[in-house]
Amino acid sequence: MAPPSHCHVDTSNGVHHNGGDAVPVETETTVPPPLQGSRQLDAEEFRRQGHQVVDFIADYYARMGDYYPVHPSVTPGFLRRQLPAEAPARPEPGAFAAALRDVRDLVLPGMTHWQSPRHFAHFPASSSTVGALGEALTAGINAVPFTWAASPAATELEMVVVDWLGKALHLPEGLLFRGGGGGTLLGTSCEAILCALVAAREQKLAETGSRRIGDLVVYCSDQTHFAVRKAARIAGIHRDNFREVATHREDMFALSPTELRAAMQADVDAGLVPLFLCVTIGTTQTTAVDPVRELCAVAAPHGVWVHVDAAYAGSALVCPEFRHVTGGAEAVDSFSMNAHKWLLANNDCCALWARAPSLLTAALGTEQEYILKDAAAEGHDVVDYKDWSMTLTRRFRALKLWLVLRCYGVEGLRAHVRAHVRMAASFEGMVRADARFEVVAPRQFALVCFRLRSPEKFGGEKTANELNRRLLEEVNGTSSGPYMSSAKVGGVYMLRCAIGSTLTEERHVSDAWKVVQDRAASQLRKMEIIYSVLA
């Protein structure tokens, strides 16, 4: 059937169209009546269209690994050229099925397929059947649980589930509700870091006076995620008062307590006020682990708020064998991790715990408006989650995470993480077994950082970075190959193979390494030709 006039009118702008063999879509021919009354939430219509969506997603997962390149070969503007400039005035015949066809034929070919078993870039965005259906259930209920009264069960389920998760991750009891602390579910670690920083700022200014906001200093390592710098700007910290302490390869790129102590003392001597320290468990570049206990000891004499960012590696804490990386966490003020990265919870689901939630609510809380008050909550010490973060409107994330924990269990989550760690260890072994390559940073979880050595006759270290840039381009340019990312740490450019997709199996890892070896051989042959011509 030809596309309606307001749908994609040009199907030849260099975009690959999947056609009916990729993801089948049911055809509709009826013209829906004008929207009125309750038709927008008609139960039978929802049931029929819901089945279409579930079938669409199921077919997408079944075919994704073999059908779609992980990363699309498109140029900016490719999709905007395919779609009309204005929304339709009236629904077309079979509008929903037509829209799904456009998703199949226009949107999916232009997507990076983060759930592909061959996606090894960045960090995983893990998915699961239960996580996806939990998202659907959350969207269907569509509650807005900003206060206890606004949705009592949503608030209390969130309180239960953050304690469940915290206990599963072996966090100190003082961070859980049961131990006097407490937690909440946010969208991302960027939000969590900002909330913690604002709470730290307000606590410190209550001691020093608000006029000293220009003297407050934030600390982290040069490997810390840029979200900390962004949060500091939003929180009003002077740009000159942001300290990124240098790390070194011999320390596995972890933040040095000795260098942090020197930085803090220098600021105190200059009349500044140390405020906030972000300790990272599993940095973005190499998954370096900062020494929590030792850094807390450095921060304590200055009254510095210590936040642990475990966005990626926090999921690994379900496995007792990784518990050692949080040694000393009893002294931290807050802790955050993204369950959507590696714990099957689907985007978005960041957990933030605080040892003293009252400091969060003191900084982020609002005076109760009359419209938000409820007689049932009067006289009770209820949690109003609007006072724990920046937003009033919030999602019922607890339902999804509760379902994931119930349906997979802690042991199931451990098996999920351990499988990826084993595959990463296998990939690391393959790298080490090939003398042309080297592992640049020790593997700690399921990320392998490696590079191709540049032979001395081709320039050695002087040409190594450019050689590996070209290698990554060729690896990612292989249509049926893996998709990886890069990092540059200590002046060294490296490839990153982050294993964590739910669909990834050992064969995908082995195939990825074969592609890397093949492309490396091609690069070295090219260099040999160039060298022989120049010689």
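Helices, taken as H or I runs of at least four residues, and strands, taken as E runs of at least two, are DSSP runs numbered from the N terminus; in those terms, serine 389 sits in the loop between α10 (357-364) and α11 (397-433). The model is predicted.

- The buried residues of α10 are Pro357, Leu360 and Leu364.
- Seen down the axis of α10, these buried residues fall within an arc of 55°, so they line one face of the helix.
- An α-helix has 3.6 residues a turn, so residues three or four places apart point the same way.
- The cover over the buried residues of α10 includes β1 (182-186), α5 (189-208) and β7 (350-354).
- In helix α2 (residues 95-107) the buried residues are Ala97, Ala98, Leu100, Arg101, Asp102, Arg104, Asp105 and Leu106, and what covers them includes α1 (43-67).

- Serine 389 has a relative accessible area of 4%, and because buried means under 20%, serine 389 counts as buried.
- Not counting residues up to four places away in sequence, serine 389 touches Leu186, Cys195 and Leu364; Leu364 is also one of the buried residues of α10.
- Arginine 451, which belongs to strand β9 (residues 447-452), is likewise buried, with a relative accessible area of 4%.
- The side chain of arginine 451 makes a polar contact of 2.6 Å with the side chain of glutamate 438, and another, of 2.7 Å, with the side chain of glutamate 461.
- Leaving aside neighbours within four places in sequence, the residues in contact with arginine 451 include Arg436, Phe437, Val440, Ala464, Asn465, Asn468, Val492 and Tyr493, together with Glu438 and Glu461.
- Methionine 494 is also in contact with arginine 451; the two residues are 43 residues apart along the chain, while their C-alpha atoms are separated by 5.1 Å.

**Aromatic pairs**

- The count of aromatic pairs comes to 15.
- In one of these, the rings of phenylalanine 322 and phenylalanine 445 have their centres 5.3 Å apart and their planes at 45°, so the pair is tilted.
- Phenylalanine 322 lies in the loop between β5 and β6, and phenylalanine 445 in the loop between β8 (437-441) and β9, so the pair ties together parts that are 123 residues apart in sequence.
- Both residues count as buried, phenylalanine 322 at 10% relative accessibility and phenylalanine 445 at 0%.
- One aromatic cluster is formed by Phe123, Tyr312, Phe322, Trp342 and Phe445.

**Backbone details**

- The peptide bond from asparagine 347 to aspartate 348 is cis, with omega near -5°, and aspartate 348 has its place in the loop between α9 (339-342) and β7.
- Asparagine 142, in the loop between α3 (129-141) and α4 (152-168), has phi near 55°, a positive value in a residue other than glycine, and is exposed, with a relative accessible area of 58%.
- Histidine 170, in the loop between α4 and β1, has phi near 60°, again a positive value in a residue other than glycine.

Terms used:
Residues are numbered from 1 along each chain as its sequence is written. This is a predicted model: local features need pLDDT of at least 70, side-chain atom pairs count only at pLDDT 80 or more; totals for chains, interfaces and linings use all residues. Side-chain values use heavy atoms; hydrogens and water are left out. Buried means under 20% relative accessible area, exposed over 50%, partly exposed in between (1.4 Å probe, protein chains only). Contact means heavy atoms within 4.5 Å. A polar contact is a pair of N or O atoms within 3.5 Å; within protein, one must be able to donate a hydrogen and the other to accept it, and residues adjacent in sequence count only if both atoms are side-chain atoms. The arc is that of the directions from the helix axis to the C-beta atoms. Rings of Phe, Tyr and Trp (its six-membered ring) pair if their centres lie within 6.5 Å; planes under 30 degrees apart count as stacked, over 60 as edge-to-face and the rest as tilted.
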